[in-house]
Amino acid sequence: MKMSGAQMVCEAIIKEGVKHVFGYPGGAIMNVYDEIYKQNSFEHILTRHEQAAVHAADAYARVSGEVGVAMVTSGPGFTNAVTGLATAYMDSIPLVVISGQIPLSLIGTDGFQEVDAVGISRACTKHNYLVRSLKELPKILKEAFYIARSGRPGPVLVDIPKDITGEIGEFIYPESVELPTYKPNYQGNGRVIKKAVDAILEAKKPLLYVGGGAVLSNASDVVREFAKITGIPAVETLMARGVMGDSNPLLVGMPGMHGSYASNMAMSESDLIISLGARFDDRVTGKLSEFAKYADIIHIDIDPANIGKIVDVDYPIVGDVKIVVSKMIEKIKDSVKPSRYEAWRTILNRYNEVHPLTFKDSDEVIKPQWVIQRVGELVGEDATITSDVGQHQMWAAQFFPFSRPRQWVNSGGLGTMGFGLPAALGAKMADSSKTVINITGDGSILMNIQELVTASEYKIPVINVMLNNHFLGMVRQWQTFFYEKRYSETDLSYQPNWKMLVEACGGVGYDVTTKEEFDNALKDAIKQNKVAFINVAVDRFENVLPMVPAGGALYNMMLEYKER
């Protein structure tokens, strides 16, 4: 079939089953947007910034489990998208980002809106392409979707010169992809799996260390089954919240810099850590020489480059978490009784009793942790929670009762402020049956505040709950603890009228100073069924605790802050 390059792009998107594309047009991608105008097989969401388009596509992928798609133009259109690419790359999110490029004949001449998209994105994409001929375009598009979703997922960039999108040629979309140098191993090595199972049967204090890979491989059910069969307690990383479910008696909590006391002590005292799709991030390990110093380590990961990269591993298993854990269940189910590790669980339960994850509530001022708990009580399982980055993100991870995977959408690896609102849009488009609530702060929200307009135009009823402490809160906390309260450029006392701002963008706004007002605002926001913004005045100087100081050992936690 003869068609233009621009038509080929749209046809590939349709053949891949994509229902929603997020983007922002411009000169170099205009041919593609002309074809988007002519079709009705997928919906295009016009965000108000390219970064927001990629974040929305990213969250769409996180919630749906499918490949997210974003589209931008060349030059500043592409450079605006780089933060979104880096965010997705750090969290292993499957994306295809299609960017326009100046015509082939002008590449390298510093033409209008020319940047080296492939060169710039090399460090923050799983793979990237500069399309050099119309003939290779269908094959590249097919490969892009395959690479994005297979193995360890990630973002793939397809940079297409404008003359190629206007050229006419034969469109033959491949049925399959054959890449000789790219062969993800899903099955795991059977001998190493057997040795790992033997190690589990010999251990006295084993611990499941569940990472974001368990979400990406849809392994929640088998991870829960493995924990139940064996009786092995589990910790969830920031990216894995919801895999075990907060009501699961085997869940100890979240480990790391702002993890619970019991979780960090579990990591420190375990004699066998079973890592399921976790990458031993520095915010989890703390001081490496003190990390899990009594434990052997089983590391299951789809990406061989992850295994042994940070910590020495005793049982390296390259494979898909869901497949490998399913094989482990078959080998262990008749050999272990949950009562075997009862003493170990008792110790961890005692740690949780002695130092629970808690806060001192107040009748004088709203505590941010109370807001998170209250959202959980009022909406809970029916909500999908997105967040920006900062104190509010940590409080959400600590205090919201996550019950399922893909319920929690946040920028973990890159820590991208401005992620939350566009992510909420993508999350709602992926699953409209859930109430989508963006937990944000007065620093992060302004970085992509323009997406309130997108939400209003497309009638995407997301609710923003802003914990407003008039500070760049997490930086202020560090300045309090480690910089003798020199609050350099973190005071955000000068603020807009938030209620008027959201109403000017077509939404509904609320200013909240009491618990009763918050309850009424959240209930009304859900009822309004339009983009909403709840500005909650919270304790300005509340800190996220526990806290492991940077470079410290997990077992050396700050459990409280005392004025000097």
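## A tour of the salt bridges

Start by selecting Arg540 and Asp491: their side chains meet in a salt bridge at 3.6 Å, N to O. Here, a salt bridge is a side-chain nitrogen of Lys or Arg within 4 Å of a carboxyl oxygen of Asp or Glu. Arg540 sits in the segment after β20 (532-537) and Asp491 in the loop between α19 (473-482) and α20 (498-504), so this pair ties together parts that are 49 residues apart in sequence. Helices (H or I, at least four residues) and strands (E, at least two) are DSSP runs, numbered from the N terminus.

Before you click on: this is a predicted model, where local features need pLDDT of at least 70 and side-chain atom pairs count only at pLDDT 80 or more, while totals for chains, interfaces and linings use all residues. Residues are numbered from 1 along each chain as its sequence is written, and side-chain values use heavy atoms, with hydrogens and water left out.

Now colour by accessibility. Arg540 is partly exposed at 27%, and Asp491 is partly exposed at 44%. The classes go by relative accessible area: buried is under 20%, exposed is over 50%, and partly exposed is in between (1.4 Å probe, protein chains only).

Next, pick Glu35 and Lys38, which form a salt bridge at 3.2 Å, N to O. They are three residues apart in helix α2 (residues 30-38), which puts about one helical turn between them. Glu35 is buried at 13%, whereas Lys38 is exposed at 56%.

Then hop to Asp281 and Arg279, bridged at 3.5 Å, N to O. Arg279 is partly exposed, at 25%.

Last stop: select Glu16, Lys142 and Arg149 together, and you have a salt-bridge network. If you want to keep browsing, the structure holds 26 salt bridges.
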